[in-house]
Each structure stands twice: as C-alpha cells, then as structure tokens.
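Here is a short walk through one model. Please keep the sequence and the 3D view side by side as you read.

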Amino acid sequence: MYVAAKGGEKAIENAHRLLAHERRGDPSVPELSLEQIMGQLRLAVDRVMCEGSLYDRELAALAIKQACGDLIEAIFLLRAFRATLLRFGASEPLDTGEMAVRRRISAAFKDLPGGQVLGPTFDYTHRLLDPTLQGAGASEPECAEPIGAMPRVTDILAAEGLIEPSPRTRPDDRVGDLTQDPLNFPADRDLRLQNLARGDEGFLLALGYSTQRGYGRTHPFAGEIRLGEVEVEFVPQELGFSVPLGEITVTECQMINQFRGSATEPPRFTRGYGLAFGHSERKSMAMALVDRALRARELGEEVKAPAQDEEFVLSHADNVQATGFVEHLKLPHHVDFQAELGLLRRLRSEFEQERAGASSLQEAAE
Amino acid sequence: MNAPVYNFAYLDEQTKRMIRRAILKAVAIPGYQVPFASREMPMPYGWGTGGVQVTASILGPDDVLKVIDQGSDDTTNAVSIRNFFIKTAGVRTTTSTGEATVIQTRHRIPEAALGEHQILVFQVPIPEPLRFLEPRETETRRMHALADYGLMHVKLYEDIARHGHIATTYAYPVKVDSRYVMDPSPTPKFDNPKMSNCAALQLFGAGREKRVYAIPPHTGVESLDFEDHPFERYRLDGTCAFCGANDSFLDEVITDDRGGRMFVCSDTDYCETRRSQSGAAETMAEASVPR
C-alpha cells in the first residue's frame with residue numbers, strides 16, 4: 001500500500017539497496033572498471049565532462065558507472081561535486097590555433113593549408129551492425145599521430161576581411177560566470193556561450209536543427225571543425241606570468257553564416273561558435289548554430305523563432321535543471337492536490353445547481 | 001545472433017516498389033513533391049539518404065553507377081556512397097560521366113550534356129522551395145496547390161530592392177513545366193540552365209523530409225526572374241589551373257595562409273577528360289597566386 005504516513009525512511013533505504021543491486025547486475029559477469037569506461041566509452045565520458053562542466057575523465061567515468069549509464073544522471077553527479085570545489089581563478093583564453101590537431105575538416109573549401117584530416121570519426125561508416133564486435137577482438141594498432149598546429153579557416157577568411165572579426169578581448173574585462181552570478185537578460189555572449197557549452201546536447205541539437213528547417217535560418221557552412229589537444233595556461237597573481245596547467249582535449253566548431261551587410265557595414269560572413277570538452281562534434285556544431293541564431297538581436301535580424309529567443313533558449317538548455325524540475329512531479333503533491341480537489345468539487349456542484357435551476361425555469365416557461 | 005542478410009541494393013523489394021510508385025507519380029506531375037515512406041538508411045539523414053533510396057530502387061544489375069559530391073568522384077561522401085552500392089549491389093561503377101547509366105549527385109550537375117539512357121539522381125536536403133519563406137508544411141502545400149507563388153516573387157523583388165540583384169547563389173528556385181516552383185537542391189545557380197530540356201530523367205530524393213520529385217526528359221525548367229532583371233548564370237572569373245577550362249564551374253583552393261589561391265574544375269571527370277584529350281595531364285600548372 002502507498003499509505004506511507006510513516007516508514008518512509010525504511011522504504012528509501014530499501015529502494016537504494018535495490019538500485020545498488022541492479023547497478024551491479026549479474027554477479028557472475030565481471031564488474032566494469034573505470035579504465036574500461038574511460039577507454040571504451042570515451043564519448044560518453046566526454047559528454048559527461050562537457051555538460052557536467054568539469055574536465056576529469058576518471059570522475060566522469062565514476063559518475064557514469066554510478067548512474068548505470070544514465071548520462072544526465074552522471075552529469076548531475078559531476079555538477080554536484082564541481083559545486084563544492086574551490087575556485088582559484090580563470091585560465092588564459094585557449095589558443096585553438098595552436099592545437100595539436102587530430103581531426104580537422106572544412107566543408108567550405110575543397111582543400112586548404114594543413115589539408116582535410118578525417119581523424120577518428122563515425123562519418124562515412126555505413127551503419128551496419130558489426131557482429132565481430134560481439135566478442136573479445138584484437139585491438140587496432142594506433143595509426144595516427146597528432147599533426148600539430150594548422151591555420152584556422154576563419155583566420156584565412158579574416159585576412160581578406162570576408163568574415164567579421166572575433167571580438168577583441170580586453171584584458172581588464174571579467175569573463176562572466178553563470179555558476180557564480182545568476183543569469184540576467186539580456187545576457188552577453190560570454191554568458192550565452194557558457195550556458196550553451198553546459199547545455200543539453202539533445203536540446204541544442206533540436207534547436208540547431210530547427211534553424212536549418214526555416215525557424216530562424218542562418219545559412220550556415222561548417223567553416224571548420226577541429227579536434228585535438230590544447231594547453232591550459234594560468235597566471236597566478238603572485239607570479240605575474242602564465243604557467244601551463246596541463247592539456248585538455250576539445251572540439252571546436254566555427255560556423256560561417258550569411259550576413260548581407262547594412263548601410264554602415266559592408267557585406268561579410270558572420271560567425272557562430274561552438275566549443276566542447278573532449279570529442280563532442282554534434283554538441284559543438286549544434287552550439288555554433290544556436291550561438292549564431294542567438295545573435296539575431298545584435299545583428300539586427302527579426303527575432304521570431306525559438307532558437308533566436310535568448311530567454312527561451314538559455315532558460316531551458318540546462319538538463320540538470322530540466323530533469324530536476326520535470327522529475328519533481330514525482331514528489332508528493334497531495335496538499336496542493338487536495339486543495340484543487342476541494343475547489344473542483346465546489347465548482348462542479350455549483351455547475352449542477354445552475355443547470356438544475358435553468359431546466360426548472362425552462363419547464364416553468366413551457 | 002542471426003547475421004543480417006541484405007537484399008540487392010540494400011532495400012527490400014517491397015520498399016523499392018513503394019519508392020518506384022512515388023517516382024512514377026513524380027514523373028507524371030513534374031516538379032510536384034510526392035510524399036513517400038522514407039526508410040532509415042545506414043548513413044545519417046542529410047548525407048544522401050533520399051538519393052540513396054531513389055538510386056537503390058531504380059538500380060538494376062546491368063547499371064553503371066557514378067557518384068559525385070561537389071562535382072567530384074573522390075570527395076569523401078561520394079566515395080562512401082559508391083562503396084555502399086559496390087558492397088550491397090555489386091554493380092559496376094565508373095567516374096566517366098558518359099559511361100554511367102545512373103549518376104547520383106550532391107550539389108552539382110555534370111558539365112557534359114547527359115543523354116536519354118541516363119538518370120541523374122539528386123540528393124536533396126530541403127525539398128520545399130518555399131520553406132525559408134514559410135516554415136509550416138500545411139501552408140506551403142496549400143500555396144503549391146493554388147500556385148500561390150507571390151511570396152517567392154516578393155522575396156526576389158526585395159533582394160533586388162536591397163542589393164540591386166537577386167541574392168540567391170545556390171538552390172535558386174525554378175518553375176517546372178510552367179506549373180510547380182521547385183528547389184533544384186543546393187546546386188550553384190550556374191547549373192540551373194542544364195536542367196531545362198535535359199535528355200536524361202532527373203530524380204530528386206529527400207530522405208529526412210520524405211519527398212521525391214522529378215523532371216522528366218525534355219521538360220522546360222525556368223529559373224525565376226523578372227523581365228528587367230533576367231536570370232544570370234554565375235561562375236568565378238578564372239580558368240582551371242589543371243585543364244585551362246574557362247567554361248566550367250570552379251572550386252577555389254587555398255594554397256597557403258598568405259592569400260594564395262588557385263582555381264580548379266569542380267567536375268573532376270570533365271577536367272580529366274579535357275586533360276587527356278589535350279595531353280596536358282603531365283603539365284599541371286602551379287597556379288598559386290600570392291597576393
């Protein structure tokens with residue numbers, strides 16, 4: 001029976017024991033190690049790090065294991081841990097032009113300096129289930145080394161003035177952080193990009209897709225997508241110069257979008273930008289589409305589609321917030337519900353009385 | 001586990017029949033978008049699933065298949081789709097435009113004129129030419145039914161008012177057989193005139209949007225324009241660095257990060273044919289032009 005006036009504590013304890021039991025699965029099958037998750041489910045690890053906004057492969061793997069593979073739950077675990085960490089400063093901006101590139105493609109040019117480098121990708125695989133992966137197989141030998149730095153397509157276009165310049169960074173400008181300050185509207189682009197970088201891949205994917213289907217069209221070209229390792233640098237106040245903190249893997253997408261110019265500006269391409277931890281191509285592409293759509297106000301475009309609506313997008317992109325609030329409907333709501341029931345009963349009885357009154361009036365009239 | 005077995009050209013015969021019926025209807029009503037029950041294909045939506053389904057349903061064992069993307073046989077997606085049909089249908093493939101009986105293409109129409117024995121299959125991302133003026137399908141279907149194309153003409157007129165000319169460079173809308181306004185797929189408008197009175201059957205497949213449409217052989221296709229602003233073809237003002245062609249559509253290739261550029265034919269078969277005819281294949285010009 002669900003009449004749980006008391007005994008909630010015992011019920012919760014039992015539920016959690018059951019969950020632990022189901023998490024482990026069949027005890028005759030070896031338990032998953034974090035190394036296996038990090039090594040063989042690396043794209044899941046990348047997504048959890050990205051939306052969990054914490055770059056730590058081991059903790060992300062632990063979260064995935066603890067969440068039984070539910071990635072939003074894993075993201076939640078990582079976020080909750082991240083919130084407890086001491087914040088000691090902001091890194092220098094990453095220089096993705098200096099990236100040790102493992103994959104780099106441009107859809108805008110047939111060939112370009114550095115070439116088209118496919119790297120590790122699902123692209124052009126035929127999606128036929130591969131029965132040879134069922135059992136233990138031989139591992140493929142490593143066949144590619146990072147290629148090193150190569151020029152960015154947007155820099156090549158910028159040399160000719162064909163694309164808007166990236167906004168200059170001003171050293172004294174503080175980069176916004178929506179984990180430290182509540183998000184206010186209208187939000188500047190730094191906060192928008194942070195929100196999108198943490199945002200749910202599926203939500204951004206659907207929004208980006210909607211812009212391609214006419215709901216806020218931006219005429220995008222994938223100017224460049226690059227994957228590789230970049231150095232993170234930090235300037236400790238007491239030193240006054242930057243020191244390397246380590247290397248992280250990121251995926252960067254620069255969309256090139258149409259813009260026809262105005263009375264004061266010559267026509268040129270505009271930018272949409274996406275950056276994600278790890279190998280997260282779908283995420284960074286969707287992010288770049290949505291970033292460009294959200295620049296509608298700044299570029300004087302009519303705001304009429306969901307993807308262009310900053311408040312709509314930024315308020316709903318976070319899957320930890322979204323899953324929490326959607327799933328909170330599971331919580332007991334019987335106090336409010338009782339109040340609603342009482343009102344509904346009263347309204348219905350008043351409705352019945354009025355109808356009875358009306359029909360007796362009609363009878364009288366007849 | 002049961003190892004999956006696939007039919008000739010991947011799709012089962014029932015599905016092929018369903019698609020062929022849609023194609024017949026499309027041929028009967030030139031330029032009209034026929035809905036069809038598009039299948040999940042083993043490549044992602046947007047990568048040619050519509051074209052692949054059309055090709056799979058018309059392909060026979062004697063066909064010779066050519067697949068191009070951006071005009072070229074050796075671009076990654078063309079290679080991938082060609083390999084798919086080699087694997088699943090075992091048909092002969094070619095890079096020669098003249099030799100092919102079925103040519104699947106993304107974004108280009110070959111430079112060489114096509115013949116009656118050939119079918120050109122286009123991969124289409126957004127089949128609806130009115131989509132970017134009106135996102136709702138219910139509305140655009142009504143507009144087609146009533147031949148209510150005023151919105152499109154207003155859009156083209158606004159382009160002229162704002163920029164002095166029509167600012168659409170690819171996916172330039174056409175009217176087929178004086179009735180339906182049709183999206184030619186995102187081919188550069190340079191290719192539009194090739195669609196009119198073409199001897200080959202032209203089929204268009206959009207997998208994600210579940211539509212096929214067609215231009216039967218020898219059908220009139222006009223690019224939308226105004227009397228005082230007639231349609232203009234556009235090509236880069238240059239010659240191919242490999243074959244010297246000054247009439248083909250050109251790709252711009254960046255040769256360094258100091259502004260170096262060169263132009264090459266987008267249609268690789270056209271370029272190679274010209275080079276082998278002139279014997280100039282060995283003397284590839286180094287046409288990098290630093291500024």
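Two strands pair if DSSP finds at least two bridges between them. Helices (H or I, at least four residues) and strands (E, at least two) are DSSP runs, numbered from the N terminus. This is a predicted model, in which local features need pLDDT of at least 70, side-chain atom pairs count only at pLDDT 80 or more, and totals for chains, interfaces and linings use all residues. Residues are numbered from 1 along each chain as its sequence is written, while chains are lettered from A and ligands numbered from 1 in the order in which they are written.

Start with a hairpin in chain B. Strand 11 (residues 250–254) and strand 12 run antiparallel, and 5 bridges join them. B:Glu252 stands opposite B:Phe263 of strand 12. The hairpin has 6 residues between its strands, and B:Gly259 takes a positive phi near 95 degrees there. Strand 12 of chain B (residues 261–265) is mostly covered, with 4 of its 5 residues buried. A residue counts as buried if 20 or more other C-beta atoms, placed from the backbone, lie within 10 Å of its own.

Chain B also holds an open sheet. Its 3 strands follow the order 7-6-10, with antiparallel pairing. Strand 7 (180–182) and strand 10 (221–223) of chain B are the edge strands, each pairing on one side only. Neighbouring strands of this sheet are turned by 30 degrees against each other on average, direction ignored. Such angles rest on axes, which are lines fitted to C-alpha atoms, for helices over the stretch in contact; angles run from 0 to 180 degrees between N-to-C directions. Strand 6 of chain B (residues 174–176) is joined to strand 10 of chain B by 3 bridges. One bridge partner set there is B:Val174 with B:Ser223.

Now turn to chain A. Here 4 strands form an open sheet in the order 1-2-3-4, again with antiparallel pairing. Strand 1 (100–105) and strand 4 (270–277) of chain A lie at the edges. The twist averages 20 degrees from one strand to the next. A:Met255 has A:Gly272 of strand 4 as its bridge partner. Helix 9 of chain A (residues 281–294) packs on the sheet and touches strand 2 (220–234), strand 3 and strand 4. The direction of helix 9 makes about 145 degrees with that of strand 4 of chain A.

Finally, look where the chains meet. The contact takes 21 residues from chain A and 21 residues from chain B. Two residues are in contact if their C-beta atoms, placed from the backbone, lie within 7 Å.

Note on methods: Buried ≥ 20, exposed ≤ 12 C-beta atoms within 10 Å, placed from the backbone.
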